[in-house]
Amino acid sequence: MKTIEQQRLAEHYAGKKNWLFLGPYLSERQWGTVREDYSNDGDAWNYFTHDQARSRAFRWGEDGIAGISDEEQRLCFALSLWNGKDPILKERLFGLTNEEGNHGEDVKELYFYLDNTPTHAFMQHCYLYPCGEFPYSQLLNENRRRGRLQPEYELTDTAVFREQGWFDILTEYAKADADDLCIRITATNHSREAQPLWLLPTLWFRNTWAEGEPRPNIRHAAGGVVAQHPAMGGWRLYFEGEERLFFTENETNTERLFGVENETPFVKDAFHRAICDQDPGFLAHKAEGTKCAPVYHFSLSPGESATLKLRLVSKELADPLAPESFDALFRDRKKEADEFYANLPVPAVCPLLGKDCELIRRQAFAGLLWTKQFYYYDVATWLDGDPGQPPPPDGHRFSRNTDWRHLNAADIISMPDKWEYPWFAAWDLAFQCIPLAALDPEFAKEQLLLLLRDWYLHPSGKIPGYEWSFDNVNPPLHAWAALEVFNLEKKMAGQGDLVFLKKVFEKLLLNFTWWANRQDKNGNNIYEGGFLGLDNIALFDRDAGIPAGCTLEQADGTAWMAFYSLHMLEIALTLAAEDPSFEDMATTFFEHFVRIATALNALGDELWDEEEGFFYDHLRCGDKRLPLRVRSLVGLSTLFGVTILEKGQLDSVPGFAARMRHFHQERKQRHEYIVFEQADEDGDILLSLVPPGRLQLLLRALFDESEFLSPYGVRSVSKRHASEPVEVQVNGIRFGLHYEPGEGETGAFGGNSNWRGPVWFPMNYLLIHALQTYQDYYGDTITTEFPTGSGQQVTFGEAAGEIAFRLLSVFEKNAEGGRPSHGGEPLFQEREYESHLLFYEYFHGETGRGLGASHQTGWTGLAGVI
């Protein structure tokens with residue numbers, strides 16, 4: 001029987017009610033993005049800054065704290081706060097730009113995604129706002145002062161936070177209907193003294209009238225305000241007990257920013273002047289606008305709370321804030337959320353964590369759902385400028401993405417992190433769709449198809465990388481992710497969506513051809529690809545830093561193409577069971593896989609180092625080939641290329657099965673590399689990029705605690721390179737690399753992420769997936785030593801389970817009451833916050849401390865399905 005939340009989802013996808021019309025679609029940082037950058041030199045961080053954001057109207061989106069909007073981000077709602085001391089209202093999250101932080105860009109705030117459901121019928125968000133003056137300058141100056149070898153300086157390190165306390169702002173949303181959203185905001189004083197607090201729940205329209213659309217309007221009405229929009233009709237925001245009601249316009253303050261006199265004093269930052277400058281008089285007679293906020297002023301004693309109740313609804317209500325029914329709605333939606341999550345299948349490893357299992361999964365899923373965002377970017381309009389507006393400077397038209405004029409995005413997309421990465425990234429999105437499919441399979445399928453639509457996919461077949469450079473090549477994960485989503489939905493619902501799978505397959509044919517033609521420059525089935533998402537994992541920048549006159553033959557580029565071929569083969573076979581015309585495509589992708597596996601493993605032209613038992617990138621400079629002996633995930637990625645062709649599946653495609661067996665016999669007779677195993681003539685078949693002998697050598701390194709196996713998962717670079725750094729010299733230039741278990745020690749790729757030692761969830765997930773595939777084929781007939789040197793023999797499945805357990809244990813409460821991911825921060829030892837989790841971008845290879853983006857529930861949300 002479906003839960004009530006599942007019934008809402010069914011209603012939505014049947015077209016009966018648009019339960020997803022309102023959701024957490026506001027960005028957490030619109031400033032400093034490529035979309036808002038109209039500079040001559042492409043310096044997005046400095047063209048539109050945090051300081052300007054309060055005064056300058058955005059062109060392509062909006063941001064806010066704990067905010068929501070409609071699905072086209074026309075009408076927005078979020079919190080504004082003031083502690084009586086800050087020079088500005090707290091309307092948006094503060095953080096450092098890439099050049100300001102000692103480890104790149106970084107948000108300097110504390111906030112938590114506590115709960116959410118797929119229809120956003122129930123959402124909870126916690127924001128901690130300092131009672132003392134927010135230390136903007138201190139955070140900026142101290143991080144600038146620190147070097148790459150020092151940790152980042154965080155808000156919790158400041159005396160303002162530690163000694164003067166904070167307000168705990170709990171924002172909750174509960175939907176009474178698809179177009180009826182109740183809002184409850186509770187502020188609690190966590191300091192030792194009475195503290196003043198101003199709350200301004202703010203409703204506003206994104207500025208679309210500057211581009212010629214009709215101007216919307218918000219005006220006072222009985223019990224609150226009514227927001228009238230030509231495309232949305234009238235929406236009411238109900239509230240009560242306000243001290244004042246402010247209106248202004250979402251228009252740029254040209255006087256403050258550019259020294260050009262404003263046409264009206266009613267500009268975007270008017271509430272800052274009214275509250276922080278204590279000059280509310282100029283708004284006294286302003287009774288309508290495109291931005292409004294009721295004003296509440298409290299003096300809260302230590303531990304005291306104040307609660308606001310509001311309601312955003314598309315129709316007039318007689319008693320919208322009636323206490324009994326309003327509070328009952330939140331109780332009901334919370335109970336329904338509990339029932340929804342209790343009904344989800346639980347992975348085998350998670351229960352080993354005890355009561356932390358439910359907490360980890362629930363907040364991982366909450367973060368995934370909170371990081372949906374309306375992403376708006378019409379590249380042609382951005383490059384050329386808006387009609388009727390002054391054209392951008394000449395350099396802007398050549399700054400970036402000039403070959404992507406067709407890309408026209410205006411969609412709700414799952415983001416990696418709505419502050420640090422408020423834009424989609426192709427391979428991030430593929431990983432994100434796996435846990436999303438456990439919650440809302442239809443949304444996951446829509447996301448995977450989205451980047452394959454004609455208005456995203458390049459005419460050449462290239463999938464856009466990310467907005468800083470759509471040309472950047474991400475690992476080709478779409479086929480694998482589509483299969484994972486298909487199989488997960490089949491497991492939960494009893495059948496998979498073949499129409500979805502066919503759509504994906506047909507579009508990926510073009511993308512696969514692009515890869516085959518563009519990334520194998522030497523025509524030897526050894527692939528390049530560039531950085532492939534692994535930023536600084538190599539000795540040099542694999543995109544722009546390859547020594548002149550040389551070509552980089554990449555173990556991971558080659559492994560990814562084998563991985564891609566295998567999953568295109570699997571999709572073709574799945575479709576061929578219903579439509580035999582796909583059998584020939586299955587043969588094509590089988591042959592692709594064979595050619596790549598042969599090139600990677602056959603003698604004469606290979607990336608395998610027999611002496612060291614590992615795969616390495618090779619630098620080809622003319623007739624010379626130089627192995628780059630970095631032991632990293634680049635070499636381990638060859639383990640990803642494994643799958644099982646089940647006997648029942650092969651029986652449904654007799655033509656393909658016959659051709660494959662004929663091929664097998666021919667290669668056996670010619671003593672050529674054979675890529676598959678079959679325990680008996682009528683059994684399942686294992687296709688593996690890595691042959692058994694090499695598999696054992698790679699697993700020896702993978703399971704070695706002095707190399708890759710960390711207490712918290714698999715490291716990205718072998719710990720061996722701490723004592724044995726790698727150095728090479730090419731064309732007189734020296735390149736070096738050593739093990740860096742924490743934050744990056746150089747500014748490579750912006751310096752805000754590090755693949756030279758830390759643990760990354762997505763790559764661990766793929767390794768676990770590969771080991772489980774070997775287990776499914778071999779069962780208990782083969783064991784391996786784990787950890788290496790321990791003498792303990794385990795099955796592939798047991799090894800996969802142990803890695804999964806180590807990975808999830810970064811969030812598990814230890815004997816001291818802390819969690820490794822929190823890095824010993826005292827705040828999380830407090831009873832109120834011991835269960836507040838942060839899903840970081842990556843984790844320290846020795847301690848498990850969370851690093852990088854602090855809210856990358858995107859791919860770290862895989863914790864919910866491991």
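The model looked at here is a predicted one, where local features need pLDDT of at least 70 and side-chain atom pairs count only at pLDDT 80 or more, while totals for chains, interfaces and linings use all residues. Residues are numbered from 1 along each chain as its sequence is written, and side-chain values use heavy atoms, with hydrogens and water left out.

Pockets come first. A pocket is found on a 1 Å grid over the protein atoms alone, as an open set of points where a 1.4 Å probe fits, with protein on both sides within 12 Å along at least five of seven lines; a set from which the probe cannot get out is called a cavity instead, and lining residues have an atom within 4 Å of a point. Grid points are joined across faces, edges and corners, and the volume is the space filled by probe spheres set on the points. On that basis, the largest pocket holds about 1,600 Å³ of space. Its lining is made up of 49 residues, and E484, N487, K491, H769 and D776 are the closest to the centre.

At least two lining residues each come from α11 (426-439), α13 (478-493), α15 (555-576), β27 (642-645), α18 (647-651), α21 (761-778) and α22 (796-808). Helix α13 gives the largest share, with nine residues.

The second largest pocket has about 880 Å³ of space. Here 28 residues form the lining, and R56, A57, A210, T252 and Q389 lie nearest the centre. That lining divides into 13 nonpolar, seven polar and eight charged residues.

Next come the cysteines. A disulfide is taken to be a pair of cysteine sulfur atoms within 2.5 Å, and by this rule there are two. One of them joins C350 to C357, with 2.1 Å from S to S. The torsion about its S-S bond is about 120°, so this disulfide is right-handed. Are C350 and C357 buried or exposed? With buried meaning under 20% relative accessible area, exposed over 50% and partly exposed in between (1.4 Å probe, protein chains only), both C350 and C357 are buried.

The other disulfide links C550 and C621, with an S to S distance of 2.0 Å. It is right-handed too, with 105° about the S-S bond. Because C550 sits in strand β22 (residues 550-553) and C621 in strand β25 (residues 617-621), the pair ties together parts that are 71 residues apart in sequence. C550 has 14% relative accessibility, so it counts as buried, whereas C621, at 25%, counts as partly exposed. Counting bonded cysteines along the chain, the disulfides follow the pattern 1-2, 3-4. C126, by contrast, is in no disulfide, and the nearest cysteine sulfur, that of C131, is 13 Å away. C126 is buried, with a relative accessible area of 1%.

Strand β29 (residues 685-688) shows how side chains are arranged. In a regular strand the side chains alternate between the two faces of the sheet. In β29, I685 and L687 point one way and L686 and S688 the other way, and all are buried. Strands pair if DSSP finds at least two bridges between them. β27 and β29 pair in the antiparallel sense over four bridges, and T643 stands opposite L687. Strand β28 (residues 676-678) pairs with β29 as well, in the antiparallel sense over three bridges, and Q678 stands opposite I685.

Finally, there is H396, in the loop between α10 (379-384) and β21 (408-414). H396 is buried, with a relative accessible area of 0%. The C-alpha atoms of H396 and D43 are separated by 10.0 Å, although the two residues are 353 residues apart along the chain.

Technical notes. Nonpolar A, V, L, I, M, F, W, Y, C, P; charged D, E, K, R; others polar.
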